[in-house]
Amino acid sequence: MSDRIDNPWGERTPFAADSDWPNRADQHVEREPERWVQSACVLCSNGCALDIGVADGRIVGVRGQEADPVNHGRLGPKGLYGWQANNSADRLTRPLVRRNGALEETDWDTAMAAVVERARSVLDDTGPGAVGFYTTGQLFIEDYYTLAVLARGGIGTNHVDGNTRLCTATAGQSLKETFGCDGQPGTFADIDHCDTLFHVGINIAETQTVTWSRMLDRLHGPDRPRLVVIDPRPTQAAREADVHLAIRNGTNVAVLNALIRELVENGWIEQQWVDAHTVGFEGLVKTVQPYTPEHAGEICGVDPSRIRAAAEVLGSAERLLSFVLQGVYQSNQATAAACQVNNINLLRGMIGRPGCGILQMNGQPTAQNTRETGCNGDFPGFRNWQNEQHVQELARLWNVDPLQIPHYGPPTHAMQIFRYAEQGSISFLWIIGTNPAVSLPELDRIRSILAQDRLFVVVSDAFLTETGELADVVLPTALWGEKTGTFTNADRTVHLSEQAVEPPGEARSDREIFLDFADRLGLEDKDGQPLLKWRTPEEVFNAWRECSRGRPCDYSQISYDALRGGSGIQWGGERLYTEGEFPTDPAYCEDFGHELTTGVTFSEVEFKALNVAGRAILKPAPYIPSPEEPGDDYPLRLNTGRTVYHFHTRTKTGRAPQLQGAAPDVWVELAQADAERLGISDGDVVRVESPRGRVEGPARVTGMREGVVFIPFHYGYWDRDGRNGHDRAANELTITLWDPASKQPIYKTAAVRVERA
Amino acid sequence: MKLGPALKRLHESELDLAGDFRKIGERHAADHDVYHQSRTFSMQCERHAELLGPIADRYGSSVSEDDAPGLWDSVMEAVRRRSSAGLGRRPVSGVVLLRDLRELYLAAHETLIAWVIVRQGAMAVRDKELLELAKELQPETDLQMKWALTHIKVSSPQVLAS
């Protein structure tokens with residue numbers, strides 16, 4: 001096996017359309033394991049199946065599972081090396097509580113008593129609206145579902161969201177807007193069948209390396225699919241593309257509207273299919289009318305002839321497969337843009353067939369489950385908060401009064417939870433497995449919210465993060481490999497991950513922590529029995545299977561036994577919507593939808609008036625410039641994102657020597673022309689400033705489009721080696737602003753200036 | 001012919017609503033979604049007024065020129081934004097927001113009614129230009145009103161029970 005730091009995608013195994021992707025066995029062990037334990041990777045949303053190698057009670061390596069449909073044996077650099085974080089010497093092994101201003105070690109009884117005492121007093125003094133939970137995209141179904149029932153059915157708060165709001169909320173929202181319900185239409189296996197790949201705002205070579213390997217193997221195979229890439233940066237995929245549209249970040253809707261207009265003008269529409277399976281065609285055509293290639297070219301800063309060329313590729317595709325990620329989800333007009341990609345596939349009638357599909361990708365490994373179980377500002381089982389029947393189903397499952405479950409409005413999104421904490425109306429905030437002090441926008445504001453005396457902050461994590469440093473109580477948690485559970489990747493593949501080793505010290509799984517909290521708080525159902533009636537991971541999973549039964553994400557036929565020893569299983573089958581029927585029935589759908597430019601929530605009556613009856617909804621949107629466009633003081637556009645070697649805020653990958661060695665510190669990527677104008681050479685230390693903060697780092701001058709500055713968002717302050725000052729995290733610069741429909745923060749459109757430091 | 005005065009009334013209503021959105025948005029700069037969307041709506045209302053001007057002239061009810069924000073407005077804007085930072089940290093900010101959203105909803109509703117009246121009049125006098133304009137702009141006013149209602153629904157439980 002070649003070095004995956006030098007070549008993250010490994011050796012090519014080219015293959016032709018409609019043939020099997022060849023296997024390739026990837027493995028990295030530090031010594032020979034005594035035994036292998038079934039699992040899957042939790043370092044991106046690809047969810048590659050792997051086995052964990054164990055010796056002397058420690059994890060000593062991993063190997064990819066060749067039988068699995070997701071990865072056929074392959075692993076990316078994060079998967080191969082990231083497990084070493086589990087063995088890191090600075091794992092949290094005992095609970096911490098704040099005494100006289102400092103965090104001190106204590107025992108579980110003392111720590112949990114402090115948490116329960118404060119929760120009880122906040123509930124008694126104010127009520128459930130003063131309690132918030134901010135979770136993650138990295139736990140297991142068993143952890144999430146326990147939290148969802150505890151918070152929504154037990155405590156009765158509406159304030160439960162995850163950091164998945166930052167990574168995957170728009171994926172879910174755009175699917176709800178177009179198809180009436182969340183659920184990934186396509187499957188990774190569509191790559192084997194497609195003749196055209198369409199990438200919109202997805203740097204897949206760095207974010208989902210193994211799926212990029214699959215594409216590369218087609219692109220370098222005998223009948224190469226064509227590739228259209230929309231991205232401001234010269235990514236790996238852009239270099240392989242037939243047409244690359246390097247648009248100004250924040251202008252996705254303009255370019256997509258122009259592509260739709262070209263499809264209509266040239267008659268590249270499957271009109272019969274569109275008439276039979278969608279509503280809204282006329283409105284869409286009217287909305288895109290002004291977006292000629294010239295007009296969109298002006299807005300986006302690209303040559304109109306390239307827009308025409310891209311449209312021709314999409315228009316002549318016979319099997320079109322589209323991929324979307326953060327370049328859309330974290331950008332201006334996130335949901336509106338993601339919906340236009342759905343629209344393109346629908347207009348071409350290319351969904352639900354081999355090679356024809358949409359993958360609204362996820363960021364984090366288990367983000368799909370946050371959405372499904374009701375921890376991402378959704379109701380469990382893709383239920384609709386506006387549907388009284390759905391609320392009653394949950395009440396029956398949990399044996400609570402329907403009014404106990406808040407459904408007076410949409411579940412509160414993360415940015416609003418932090419706003420309530422800022423305002424003082426939330427006074428108890430439990431942060432689970434995530435690091436908002438580095439990952440949320442405008443960090444100066446976030447730090448000042450978390451540091452308030454009147455806010456009681458509980459943090460559950462495996463390491464003492466920048467967020468943990470601001471907590472009142474820190475609870476040490478078990479990581480992947482140290483607990484059993486299930487999770488689902490971005491193409492709906494469910495994997496079982498067995499416990500391979502014991503957690504270090506006194507660390508516990510999140511599921512156990514929530515169960516303990518519910519017991520101590522005395523949460524009961526309406527008959528006075530304990531609310532949470534299950535204990536083991538399998539018992540929780542079976543409760544979740546019941547909760548999901550009959551809903552689009554139906555797990556009722558997926559058991560631990562079925563998952564054990566085999567490979568992953570996709571809920572809903574290989575592809576959704578194979579018959580061109582969509583879950584838009586008002587009694588069944590997850591959401592009645594939104595007006596995309598303002599976020600106005602539609603009611604049941606308004607939704608019924610669309611008369612969708614199982615058809616998909618072509619939702620249009622005009623282009624609206626970002627509220628913070630570049631100007632005289634801040635003339636450049638900030639773009640933030642990832643490197644292939646790190647995940648999130650590097651809590652794990654920063655503790656894997658190969659990964660940390662490959663990308664040890666922050667950098668600032670500049671376009672050639674901007675660098676020349678500013679007198680900056682490659683390697684010069686530069687200062688980037690926005691109205692909210694500054695970042696310093698060495699410049700990398702690249703082939704990026706002019707006017708754009710890129711900074712990776714992984715770097716915080718825990719490994720700063722004594723240097724002070726908040727000038728390393730990209731989110732010092734970002735703006736507090738979110739998409740009106742998906743409520744996903746906008747990380748990729750802020751105005752900045754750059755100078756030599 | 002009373003369409004002239006009705007147009008003048010609508011024009012005034014749009015300008016008032018633009019001012020309400022601007023002032024209330026600035027007062028709630030700590031509620032970032034309210035702040036940014038209110039600014040967008042404020043500009044949308046100003047555009048409506050601008051487009052109505054020539055038609056009102058045509059009906060002999062000339063409307064005063066839209067004043068650009070003067071020095072006093074800029075000073076007040078800065079004051080409102082600065083004080084919103086202090087207000088935003090206090091629980092009472094939720095109560096103030098709810099009150100202001102209610103005001104915006106009612107103001108937008110008033111503008112919407114003014115549109116309905118003008119549109120009916122345009123039908124009666126068969127003014128195609130005005131009808132086209134109403135068809136384009138009235139739904140935007142309708143959305144402004146529904147936006148306020150969406151936020152009222154989300155805000156009230158937290159304000160009233162926390």
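This is a predicted model: local features need pLDDT of at least 70, side-chain atom pairs count only at pLDDT 80 or more; totals for chains, interfaces and linings use all residues.
Figure 1. As a general point, the strands of a sheet pair through backbone hydrogen bonds, and they may do so in a parallel or an antiparallel manner.

**Figure 2. Six strands of chain A close into a barrel.** Followed around the barrel, the strands of chain A come in the order β22-β26-β23-β25-β24-β27, and their pairing is mixed. From one strand to the next, the twist averages 45°.

**Figure 3. Domain 1 of chain A touches domain 3 of chain A through a contact that takes residues from both.** The domain assignment of chain A gives domain 1 as 105–168 + 366–570, domain 2 as 171–361 + 583–617 and domain 3 as 636–756. The centres of domain 1 of chain A and domain 3 of chain A, taken over C-alpha atoms, are separated by 31 Å, and the contact takes 16 residues from domain 1 of chain A and 20 residues from domain 3 of chain A. On the side of domain 1 of chain A that touches domain 3 of chain A, α18 (436–439) and α19 (443–450) of chain A each supply at least two residues, and the largest share, three residues, comes from α19(A). Divided by class, this side of domain 1 of chain A has seven nonpolar, four polar and five charged residues.

**Figure 4. Helices α8 and α10 of chain A cross with their axes coming within 9 Å.** Helix α8 (residues 252–265) of chain A and helix α10 (residues 281–288) of chain A have axes that cross at roughly 115°, and α8(A) and α10(A) are therefore roughly perpendicular to each other. The crossing of α8(A) and α10(A) is left-handed. In the contact, N257(A), I260(A), R261(A) and V264(A) of α8(A) meet L284(A), V285(A) and V288(A) of α10(A), and the residues of this contact of α8(A) with α10(A) divide into five nonpolar, one polar and one charged.

**Figure 5. Chain A and chain B meet in a contact that takes 22 residues from chain A and 22 residues from chain B.** When the side of chain A that touches chain B is divided by class, there are eight nonpolar, eleven polar and three charged residues.

Definitions and conventions. Residues are numbered from 1 along each chain as its sequence is written. Chains are lettered from A and ligands numbered from 1 in the order in which they are written. Axes are lines fitted to C-alpha atoms, for helices over the stretch in contact, and angles run from 0 to 180 degrees between N-to-C directions. Helices (H or I, at least four residues) and strands (E, at least two) are DSSP runs, numbered from the N terminus. Angles under 35 degrees count as roughly parallel, over 145 as roughly antiparallel, 65 to 115 as roughly perpendicular and the rest as oblique. A crossing is left-handed if the near helix is turned anticlockwise from the far one by less than a right angle, and right-handed if clockwise. Two residues are in contact if their C-beta atoms, placed from the backbone, lie within 7 Å. Ala, Val, Leu, Ile, Met, Phe, Trp, Tyr, Cys and Pro count as nonpolar, Asp, Glu, Lys and Arg as charged, and the others, Gly among them, as polar. Domain bounds come from an automatic or database domain assignment. Two strands pair if DSSP finds at least two bridges between them.
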